[in-house]
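Here is my note on this model, as numbered points. Please read it with the structure open.

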Amino acid sequence: MKDIETKDHQLTVALRIRPLSDSELEESATIVAHRVDDQMVVLMDPPGDHEDVLRANRSREKAYMFDVAFDYSTSQEELYRATTKGLIHGLISGYNATVFAYGPTGCGKTYTMLGTDKDPGIYVRTLNDLFHSIEETSDSMMYSVSMSYLEIYNEMIRDLLNPTSGFLDLREDSKGEIQVAGITEVSTVNAQEIMELLVKGNRQRTQEPTAANRTSSRSHALLQVCVKRQDLNQEVRFGRLFMIDLAGSERAAQTQNTGQRLKEGAHINRSLLALGNCINALSDKNAHRYVNYRDSKLTRLLKDSLGGNSRTVMIAHISPASIAFEESRNTLSYADRAKHIRTRVKKNMTSVSHHIAQYTSIITELRGEIQRL
Ligand code: ADP
Ligand code: MG
């Protein structure tokens, strides 16, 4: 599998189809979602569908193209390399980055992000490689790395590394970036220790039992990694990486389908709906639509990741099973829309020479604009 290059000006969208689960096999589910090649996924209408006649003029098969597509044959390492590894160099050079897992409950988001002790996911692989990269360049640079892990549940933020600390607030810092006030920041560089912290943190996530034998998660988990780098000329760069395991998308999709209004505290995930609205507005090619980041905690935190200064990768997850057809179709079309989002990535630096360079480039840009008039 080739590694994708995260594009500077566009959201990178990946799709992962997990293997059929035991319970799907028990229900005699068939496979309706296939990966065709590195980029293409096909979804077929389930067989035995009695509405065939009604759908006579609709194709029974729909193909979707993504930046990269994965299925049961993709290892955790391959997925990590193709989606996230490429962000690390930017992160230590002062660029922001975001990776988020999207999809219905049970489709593999936590498997992708956290993974298992034996086969860890993106969190640990990224931190490992980050520490290696830092070691390699630490002769000429000074680095400090801090990590925090938080949950957004019912529009409240909890510190997963210190669950007894109560609910935390968002604040805007002097650079205009949104920060979580009072969050625990850990600066260990030991990968094993980190995995233990994350697994422990994950156990603190709010779980909510739903239909038969299913644990559904309505909480978003966000692992935030901040890297500060200082070189011999005192130039300081900051990079921030978010790695996010989103709440199950099934309810948001349902409420969007039935046109239900967003109600706080009801069985609707405000953050996920707001994320969907932002993605819709940002991917609208026709107009500069107003993007309302302020609608939820998640979108406030992800403002830069979605509309601005961040290289962003979305990994959408689906089940291959016939019984998950509707959910898979919703997820595929959501991910398909997200492909149109554009971002503007810049380095986060502070130094006198940088300000001059910035102004020079603004002046050059303005000159170009005047010439075009
Ligand atoms: P989600 O976080 O989206 O609700 P999980 O990550 O908990 O879903 O996955 C549900 C189940 O499927 C778990 O038992 C998980 O280990 C398994 N699973 C998910 N994706 C894969 C995969 N790519 N390969 C093997 N098992 C997977
Ligand atoms: Mg999960």
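1. The shell around ligand 1 divides into 3 nonpolar, 9 polar and 2 charged residues. Ala, Val, Leu, Ile, Met, Phe, Trp, Tyr, Cys and Pro count as nonpolar, Asp, Glu, Lys and Arg as charged, and the others, Gly among them, as polar. Of the 14 residues around ligand 1, R18, G108, K109, T110 and Y111 come nearest. A residue is near a molecule if its C-beta atom, placed from the backbone, lies within 6 Å of it. Helix α4 (residues 109-113) gives the largest share of this shell, 3 residues.

2. A word on the source. This is a predicted model, where local features need pLDDT of at least 70 and side-chain atom pairs count only at pLDDT 80 or more, while totals for chains, interfaces and linings use all residues. Residues are numbered from 1 along each chain as its sequence is written, and chains are lettered from A and ligands numbered from 1 in the order in which they are written.

3. The protein has 12 helices and 17 strands. These are DSSP runs (helices: H or I, at least four residues; strands: E, at least two), numbered from the N terminus. Of its 373 residues, 39% count as buried. Buried means 20 or more other C-beta atoms within 10 Å of the residue's own, exposed means 12 or fewer, and partly exposed lies in between; C-beta atoms are placed from the backbone.

4. Now helix α6 (residues 191-203). Which of its residues are buried? They are I194, M195, L198 and G201. They sit on the same side of α6, because they cover an arc of only 130 degrees around the axis. That arc is taken from the directions from the helix axis to the C-beta atoms. On the other side, Q192, E193 and R203 are exposed.
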